[in-house]
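Please keep the sequence and the model open beside this note while you read.

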Amino acid sequence: MPDPQLRTFERRVFPLTDIQIRAADDAEQRLHFTGRAVVYDQLSADLGGWQEVIRPGAATRTLAAEPDVRFLINHDANRLLARTRASTLRLSEDDAGVLVDADMANVSYARDAAVSLERGDMTQMSFGFWVVSGGWAGGSLYEVREFDFDGGDVSVVTYPAYPQTSAELRSLAERHVAAEAGYPLQRAKDRLRLLEMQHSL
């Protein structure tokens, strides 16, 4: 169980949300990835006799400080996909949590990950962080009210701790948006492209 008095590095794993991978500029040989690394106000799975909830705004201060965060596969430092310091990884916060936007290098393990994501074999995401402010909300529920991302990571992984979200590649995301909003498929594609353009500004 987390100890509010200790600043220890922790990781949480949960399914991805609205994940997309698409080929970017061929000259730059990149793969573009978007997803959600943190979900707010959602109960984790059982973490060993207790559950956790991350409260809205928990990442606000650390993201404003422009932390140095790595994007990895299964928290493996040898499988580096992107990094905030290199401006190849961008993190942003909305009401639902923390979003990931990355330009992955066109290297063998990134291409392998893209295949696994596209097939639906890899559908989860995790993040590594330090709890800055948190406490027990009663019983076995632990609230994280603020955390530090600096020196941490976000990763695509195999097993979830937060089961509430879903994972999709671009083509699947288009169909999902169309079904959820009642859009024709072409309108859903246009909507996703508009969101990408807005996020890149």
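1. Helices (H or I, at least four residues) and strands (E, at least two) are here DSSP runs, numbered from the N terminus. The model is a predicted one, in which local features need pLDDT of at least 70 and side-chain atom pairs count only at pLDDT 80 or more, while totals for chains, interfaces and linings use all residues. Residues are numbered from 1 along each chain as its sequence is written, and side-chain values use heavy atoms, with hydrogens and water left out.

2. Most residues other than glycine have a negative phi. Glu-66, which lies in the loop between helix H1 (60–64) and strand E5 (70–73), has instead a positive phi of about 55°. Glu-66 is also exposed, at a relative accessible area of 70%, where exposed means over 50% and buried under 20%, with partly exposed in between (1.4 Å probe, protein chains only).

3. Ser-87 likewise has a positive phi, near 65°, and sits in the loop between strand E6 (76–83) and strand E7 (89–94). Its relative accessible area is 53%, so Ser-87 counts as exposed.

4. Leaving aside neighbours within four places in sequence, Leu-89 is in contact (heavy atoms within 4.5 Å) with residues including Phe-71, Ala-82, Val-100 and Val-154.
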